[in-house]
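Hi everyone, thanks for coming. Please have a look at the sequence and the structure on the screen, and I'll talk you through a few places in it.

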Amino acid sequence: MASAKRSPLLRIADRSFRMRRRVVLGWLLALFATIAISNAFGGEYQIDFKTPGAESSKAQTLLQTRFPARAGDEIRAVFAVPAGLPSAASEIDAFLAKAKAASPHVLSVASPTAASASRQVSSDGTIAYGVLQLDVDSTDMPNSQTRAIMATAQAASHPGFAVALSGHAINRVESSNGGGGEGIGIIVAAFVLLLTFGSALAMGLPLLIALFGLGIATALIGLIANVVSTPDFAPVVASMIGIGVGIDYVLLIVTRYRAELQRGRDPHDAVVTSIGTAGRAVLFAGCTVIISLMGLFIIGLNFLQGVAISAAAGVLVVMIASITLLPAILGFVGHKIDKWHLPFLARTHEDDKGLWFRWSRVVQRKPWPMALIGFGVIALLCAPIFSIQFGFPDDGNKPTTRTSRQAYDLLAKGFGPGTNAPFYVALELPAGSDVTGDAATKARDAIDATPGVASVSPAIPNPDGSLALLIVTPDTGPQAKATTQLVHRLRDSVAPQVATATGTTVLVGGFTASAIDITDYMTQRLPIFIGTVVFLSFLLLLVVFRSVLVAFKAAVMNVLAIAAAYGIVGFALDGGSFGGLLGIHEQVPLPAFVPMMMFA
């Protein structure tokens with residue numbers, strides 16, 4: 001292996017094999033050290049959904065500076081009282097008082113039992129809602145305090161009086177209580193690997209390396225959160241990507257290692273040869289994924305940057321583990337790689353002349369017909385792309401066991417679907433005017449008369465009277481296209497007319513408007529992101545293979561493959577028979593950052 005020792009990659013494989021005890025011990029120490037350091041100095045997860053230059057961001061900034069009491073998020077407490085509101089007025093007020101006491105961030109409470117709160121009671125009096133006004137965004141609301149409010153609601157509920165909660169703080173807690181998808185993925189991967197290798201030991205190596213690297217990467221994400229705005233779902237994304245690439249990379253190397261043993265090489269030479277061939281592919285593949293993930297910086301959104309760095313860290317750690325820790329473990333395994341094999345699944349390299357081998361020969365003999373058939377299948381899979389509706393799914397898509405879904409259904413039943421999609425309009429009044437003046441009245445009337453608006457609240461003034469806040473309820477729900485069209489109509493038509501007639505600056509904000517802004521922002525930049533990543537990957541392939549044709553072919557295949565994947569997602573989200581198998585029974589919008597993460 002004299003030539004191997006001249007290659008840095010093969011020298012790493014050689015030393016990892018020969019110094020395997022030290023390498024394994026070093027990785028164990030690294031795992032425990034990063035976890036300990038992360039537990040001691042890890043940052044808080046936070047998410048910044050502000051879209052650069054968007055009107056919703058400008059409106060939020062205006063509230064934070066001029067009307068901080070209204071800049072925080074809300075939690076809605078929805079009450080179902082079959083006997084009517086008067087029978088439960090005391091229980092409602094008692095609950096709202098306890099909920100306010102459960103968190104210092106609850107700035108004020110708006111009870112439906114107040115004389116001026118008729119808008120918060122359904123026409124038949126069986127459904128009502130109260131509002132807990134927070135002094136912080138939902139991302140800054142401690143989950144422990146939100147859970148305390150949720151526990152208070154659960155304790156207050158009984159037959160004849162139900163309390164359900166909605167709001168982005170509630171959604172955060174419910175999302176953190178979910179999960180488990182990674183575990184299911186690992187179980188499925190273990191089954192597929194067992195079928196592939198026919199050996200429990202060979203199956204376990206890819207899973208071991210993936211989980212080992214993932215443990216370190218997850219701890220690193222906690223440290224990353226100290227310096228970059230990192231959302232709480234970043235570890236989940238990093239886990240899914242890390243498990244996927246980890247299994248993929250180790251599968252390549254272990255497959256080559258088994259083949260080299262079957263050719264008569266000793267374990268040392270088999271390891272070095274495997275790292276020199278499959279390991280080189282792993283380095284290239286890992287670098288490509290990292291480049292793709294870091295391409296998310298092109299989008300310019302803070303929360304995506306945190307996700308990108310977290311996922312890239314996971315890929316980097318797994319990639320390094322594949323070319324250092326794996327050779328060390330293979331040094332302990334030696335010839336026992338097929339130990340605990342299943343006889344009816346065990347196969348040797350020389351005997352691997354089965355279905356897929358024969359299929360490859362068919363494709364090679366008839367390349368053009370096969371290419372046309374393949375392209376036709378890809379085109380068919382791509383077709384549903386055009387039916388994809390981008391946006392954020394609302395609470396109506398959640399399981400009925402969640403309190404946010406129960407609140408959503410109650411509000412829609414009692415007040416109409418638009419009650420779940422309120423947004424605000426900030427009126428920056430001209431000098432000398434106030435909320436009772438002609439300017440504010442004309443602005444409110446113009447908004448109220450806009451098609452698609454169900455109702456507009458009375459103007460809520462800030463302390464100095466220079467700013468008024470209107471709560472607008474649309475006719476349709478949060479994910480409806482009509483709601484998106486209404487927000488654009490207010491901005492593009494109503495606001496300029498009001499500004500011209502009264503000198504009032506009109507800004508449409510709130511979560512519903514913010515979700516629309518961030519969706520528009522990302523969908524406009526998605527082609528730029530994909531094009532940039534494809535171009536950078538093309539350059540990397542060109543450097544590695546020194547062939548324009550190979551690099552071009554890979555770029556085209558990437559674009560076709562991701563387009564087909566998008567098409568399958570679009571087909572599922574349409575809510576037909578295929579979507580029904582996944583629990584999707586009506587059309588659901590797709591968050592625009594999902595295609596970006598899929599491509600990366």
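Predicted model: local features only at pLDDT ≥ 70, side-chain atom pairs only at ≥ 80, totals over all residues.

Residues are numbered from 1 along each chain as its sequence is written, and side-chain values use heavy atoms, with hydrogens and water left out.

When I say helix or strand, I mean a DSSP run, H or I of at least four residues for helices and E of at least two for strands, numbered from the N terminus. Two strands pair if DSSP finds at least two bridges between them.

Let's start with the open sheet. In what order do its 4 strands come? The order is S2-S3-S1-S4, with antiparallel pairing. At the edges sit S2 (106–110) and S4 (162–166), each pairing on one side only. Neighbouring strands here are turned by 20° against each other on average, direction ignored. For angles, axes are lines fitted to C-alpha atoms, for helices over the stretch in contact, and the angles run from 0 to 180 degrees between N-to-C directions.

Helix H4 (residues 89–101) packs on this sheet, touching S1, S2, S3 (127–134) and S4, and its direction makes about 170° with that of S2. Contact, by the way, means heavy atoms within 4.5 Å. Helix H14 (residues 403–415) lies across S1, S3 and S4, at about 100° to S4.

Now zoom in on S4. It pairs with S1 (residues 74–80) in the antiparallel sense over 5 bridges, and Phe79 stands opposite Val163 in S4. Ser166 is also in S4. Is Ser166 buried or exposed? Its relative accessible area is 9%, so Ser166 is buried; the cut-offs are under 20% for buried, over 50% for exposed and partly exposed in between, with a 1.4 Å probe and protein chains only. Leaving aside neighbours within four places in sequence, Ser166 is in contact with Glu74, Ile75, Arg76, Asp395, Ala407 and Leu411. Ser166 and Val78 are 88 residues apart in sequence, yet 7.9 Å apart in space, C-alpha to C-alpha.

Next, please find strand S8 (residues 467–474), where 7 of the 8 residues are buried. S8 runs antiparallel to S5 (residues 423–428), with 6 bridges joining them, and Ala426 has Leu469 in S8 as its bridge partner. S6 (residues 453–456) is joined to S8 by 3 bridges, again antiparallel; there, Ser455 is partnered with Thr473. S7 and S8 form a hairpin with 5 residues between them, and Gly465 in the turn has a positive phi of about 75°.

On to the helix pair. H8 (residues 200–224) and H11 (residues 302–333) pack at about 140°, with their axes 8 Å apart. That angle makes H8 oblique to H11.

Last stop: Ser274, in helix H10 (residues 267–294). Ser274 counts as buried because its relative accessibility is 0%. Which residues does Ser274 touch, not counting those up to four places away in sequence? They are Ile253, Arg256, Tyr257, Glu260 and Gly279.

Definitions and conventions: Parallel < 35°, antiparallel > 145°, perpendicular 65-115°, else oblique.
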